[in-house]
Amino acid sequence: MEPLKKIAAAFQCPGKFLDAKPYGSGHINDTYQMVFNEEGREVRYILQRVNHNLFKNVPGLMDNISAVTRHQRKKFEAAGAGDLDRRVLTLVPTMDEKDFHRDEEGNFWRTYVFVEGAMGIDVIENTGQAYESAKAFGEFQCQLADLPGRLHETIPNFHHTRSRYDTLMEAIAADPFNRAADVKADIEFAVAREGLVDTVLDLLASGELPERVTHNDTKLNNVLIDTTTGKGMCVIDLDTVMPGSVLYDFGDMVRSATTQAEEDEADLSKIEMNIDYFEALVKGYMETASGFLVPKEKELLPISGNLITFEIGLRFLTDYLQGDTYFKTHREGQNMDRCRKQFKMVQSMEEQMDAMRKIVEGK
Ligand code: ADP
Ligand code: GN1
Ligand code: MG
């Protein structure tokens, strides 16, 4: 890989390059924090190498991000919001005025203004964070409701749960690393819930659920929370913003923000869906989304957590069987721990479905 200093020189970051080092805990892209000296002041940027093994059309993806962030900015401006460089991601153009730089090896790089004074939360600490993140994601969907044109599908069938299930079945049949025998109980858990996979797809196909512009990767750490006020500041990780269902977004909030266990927690006794966090998510989300949700979308909010948590469990299991090539892993068996954690969450949500329904009906 070319030295980061050379990559950095492709972007219009004023001042002198000081340093770049890995940053954050995303599973997909390579993210770096860059520091520049600008007239005696240290200014930070986020530099990212976009994972072009997964995202086959990076120019299309960058067109999406450019359109989405410009639209968000207009909406914030119209609402009289200040501090815009902290409310919406801001791309730094390249020297030749493009949104991304292509290096000699064919890698795609982009640079964002660093959102200072805010942080992504990997494991939820209090109900306020659930409330704030859901409010921010709801506002994001609301702002994009009238985005002109149709966005590129950056990963086709990303939330097509039926395809995710079928891919798992293929991975079990092929079993290239002879791992299937050791995860028999987990496979059985998945097979027993096959009925879940078509719930949203069927209603989208029949038109009972509308297609909308959605984020599609709304895990808790993809909204930056202001470190002083605790308020939701900036929705990030826009690679998968594309046509989808709001249920994908709400479901992933439930998956990632209703448990105080790490995503790969191996001690399953620690894993439970916390109904207070669920209630805070519903409250925050309804504050910004109730104006545009149709009754069917609202009705299905409780089941969306099961669906998306199950789907992501299927994806971790598939990746484990296929040799851990999709999600970044830092130790052996990590994808399996992630899968089991998701499945335990699904079970916990099943046990609390009535309570979840009552909360949603009451809002
Ligand atoms: P991935 O797709 O790999 O998850 P993200 O786009 O989510 O990558 O970025 C990884 C991490 O970098 C985020 O979780 C967040 O902590 C940090 N990050 C990303 N963009 C910014 C930004 N503009 N300002 C500050 N931190 C950011
Ligand atoms: C990935 O990019 P990141 O780390 O926020 C993944 C999501 C998964 C998530 C699980 C493009 O999200 O779909 O839900 O990991 N993103 C992509 O933690 O596949
Ligand atoms: Mg991320």
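**Close-up 1. Residues around ligand 1 in the predicted model.** In this predicted model, ligand 1 is surrounded by 18 residues, and Asn29, Gln48, Val113, Val115 and Asp237 are the closest of them. Sorted by class, this shell consists of ten nonpolar, seven polar and one charged residues.

Close-up 2. An oxygen atom of ligand 1 lies 3.3 Å from a backbone N or O atom of isoleucine 28. Side chains also take part: an N or O atom in the side chain of asparagine 222 is 3.2 Å from an oxygen atom of ligand 1, and for the side chain of aspartate 237 the corresponding distance is 3.0 Å. The protein buries 94% of the 550 Å² that ligand 1 exposes when taken alone. Strands β3 (41–50) and β5 (108–113) are the elements that each contribute two or more residues to the shell.

**Close-up 3. Ligand 1 and the two domains.** Residues of the shell come from both domain 1 (2–116) and domain 2 (127–361), and ligand 1 therefore lies between these domains.

**Close-up 4. The magnesium ion (ligand 3).** Asn222, through OD1, and Asp237, through OD, coordinate the magnesium ion at 2.2 to 2.4 Å. These two residues are 15 residues apart and link distant parts of the chain. Asparagine 222 belongs to the loop between β7 (212–214) and β8 (223–226), while aspartate 237 belongs to the loop between β9 (232–235) and β10 (242–244). Asparagine 222 counts as buried because its relative accessibility is 4%, under the cut-off of 20%. Aspartate 237, with a relative accessible area of 25%, is partly exposed.

Definitions and conventions: Residues are numbered from 1 along each chain as its sequence is written. Chains are lettered from A and ligands numbered from 1 in the order in which they are written. This is a predicted model: local features need pLDDT of at least 70, side-chain atom pairs count only at pLDDT 80 or more; totals for chains, interfaces and linings use all residues. Side-chain values use heavy atoms; hydrogens and water are left out. Donors are N, O and S atoms within 2.8 Å of the metal (3.2 Å for Na, K and Ca); water is not among the atoms, so sites may look incomplete. Helices (H or I, at least four residues) and strands (E, at least two) are DSSP runs, numbered from the N terminus. Buried means under 20% relative accessible area, exposed over 50%, partly exposed in between (1.4 Å probe, protein chains only). A residue is near a molecule or strand if one of its heavy atoms lies within 4 Å of it. A polar contact is a pair of N or O atoms within 3.5 Å; within protein, one must be able to donate a hydrogen and the other to accept it, and residues adjacent in sequence count only if both atoms are side-chain atoms. Accessible areas come from the Shrake-Rupley method with a 1.4 Å probe; for residues, only the protein chains shown count as cover. Ala, Val, Leu, Ile, Met, Phe, Trp, Tyr, Cys and Pro count as nonpolar, Asp, Glu, Lys and Arg as charged, and the others, Gly among them, as polar. Domain bounds come from an automatic or database domain assignment.
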